[in-house]
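Here is my note on the model for a first reading. Please keep the structure open beside the points.

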Amino acid sequence: MSGARMQTPIARVRGLGSARSGAHHWWLERLTSVATLILFLWLAVSLLRLPALDHGSVTEWLGQPLAAVPMLLLIAATFWHLKLGLQVVIEDYVHEEGTKLFTVMVLNFFVLAGAALAIFAVLKIAFGGEAPAA
Amino acid sequence: MHRNPDRPLAPHLSVYKWGPHMLVSILHRITGAGLATVGAAAFVWWLVAAATGPEAYESFTGWATGWVGIVIAVGLSWAFFQHMLSGLRHLVMDVGAGFELSKNKFWAMMTLAGSALLTALFWFYVVGVRG
């Protein structure tokens, strides 16, 4: 308490980070962990049931609504989960505020870019029909 | 040092006795970071290659079935199973269960044994059954 006598309690904690969003982050990490668990079990079973993992088999399978939609959900849940997880790792090990802010920003860009690429790929397979022979 | 052996040690990292629960804790983070970077990159490559066409897909499978790809795939499969099992352990601990020392240690070791077993079974199926 010494050295802060002229400050109100709220002034001493302001700017040190929110006391409200931590539980939200924690809860979303758990929520997405259960989602990824279910969806990856679905993916593993689906892939192991395919006759082969060549281009034709995979695109034909992924073109079906009941494969494309769970795959889109898997991408959303997985990239959300890995964003939350990597952010905690960064916040734990990067102590300099500027570097931390920058690293978390780069993480967000990479996660959005990766998820967008994956989602676009699935949509192209699902809506595009046969991929043109290159 | 005049230390009463009946009292717990101060929480300095250097005097902690290494236990399986510590190994599992740091492995959860390491496997998570590995899956989030290498795993996610491979996953996106697979989907984009499939969407691009047969040639791009051949390029992916060529890498994935080469020895570098297989080493990475074995590592990722183990990381996946380890992260999955220690994640399930975390979900149990999140509701306040499994903190008794012996139980906590037992399930920590079980995630290690389980991930090794699941990885072996997975590759036995892929290589032995599916060829």
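**Notes on the two chains**

1. The two chains touch: 21 residues of chain A are in contact with 19 residues of chain B. Contact here means that the C-beta atoms of two residues, placed from the backbone, lie within 7 Å. This is a predicted model, in which local features need pLDDT of at least 70 and side-chain atom pairs count only at pLDDT 80 or more, while totals for chains, interfaces and linings use all residues. Residues are numbered from 1 along each chain as its sequence is written, and chains are lettered from A and ligands numbered from 1 in the order in which they are written.

2. Which helices of chain A supply the side that touches chain B? At least two residues each come from α2 (22-49), α3 (55-62), α4 (65-93) and α5 (97-128). The largest share, 7 residues, belongs to α5(A). By type, this side of chain A has 14 nonpolar, 5 polar and 2 charged residues. Ala, Val, Leu, Ile, Met, Phe, Trp, Tyr, Cys and Pro count as nonpolar, Asp, Glu, Lys and Arg as charged, and the others, Gly among them, as polar.

3. Chain A has 5 helices and 0 strands. Helices (H or I, at least four residues) and strands (E, at least two) are DSSP runs, numbered from the N terminus. Of the 134 residues of chain A, 20% count as buried. A residue is buried if 20 or more other C-beta atoms lie within 10 Å of its own, with C-beta atoms placed from the backbone. Among contacts in chain A between residues at least 6 apart in sequence, 70% join residues at least 24 apart.

4. α4(A) packs with helix α1 (residues 20-52) of chain B at about 125°, and the axes are 10 Å apart. Axes are lines fitted to C-alpha atoms, for helices over the stretch in contact, and angles run from 0 to 180 degrees between N-to-C directions. The angle makes α4(A) oblique to α1(B). Under 35 degrees counts as roughly parallel, over 145 as roughly antiparallel, 65 to 115 as roughly perpendicular and the rest as oblique. On the α4(A) side, A:L82, A:G85, A:L86 and A:V89 take part; they meet B:R29, B:G32, B:A33, B:A36 and B:A40 in α1(B). That contact has 6 nonpolar, 2 polar and 1 charged residues.

5. Within chain A, α4(A) and α5(A) pack at about 170°, with axes 10 Å apart. So α4(A) is roughly antiparallel to α5(A). Residues making this contact include A:L82 and A:L86 of α4(A), and A:V111 and A:A118 of α5(A). It divides into 17 nonpolar, 4 polar and 3 charged residues.

6. What do the buried residues of α5(A) pack against? They meet α3 and α4 of chain A, together with α1 of chain B. The buried residues are A:V111, A:G114, A:A115, A:A118, A:A121, A:V122 and A:I125.

7. A:W61 sits in helix α3 of chain A. Buried or exposed? A:W61 is buried, because 20 other C-beta atoms lie within 10 Å. Not counting residues up to four places away in sequence, A:W61 touches A:L50 and A:A67.

8. Finally, chain B. The buried residues of α4(B) are B:W107, B:A108, B:T111 and B:S115. Their cover includes α1 and α3 (67-94) of chain B.

Technical notes
A residue is buried if 20 or more other C-beta atoms lie within 10 Å of its own, exposed if 12 or fewer, and partly exposed in between; C-beta atoms are placed from the backbone.
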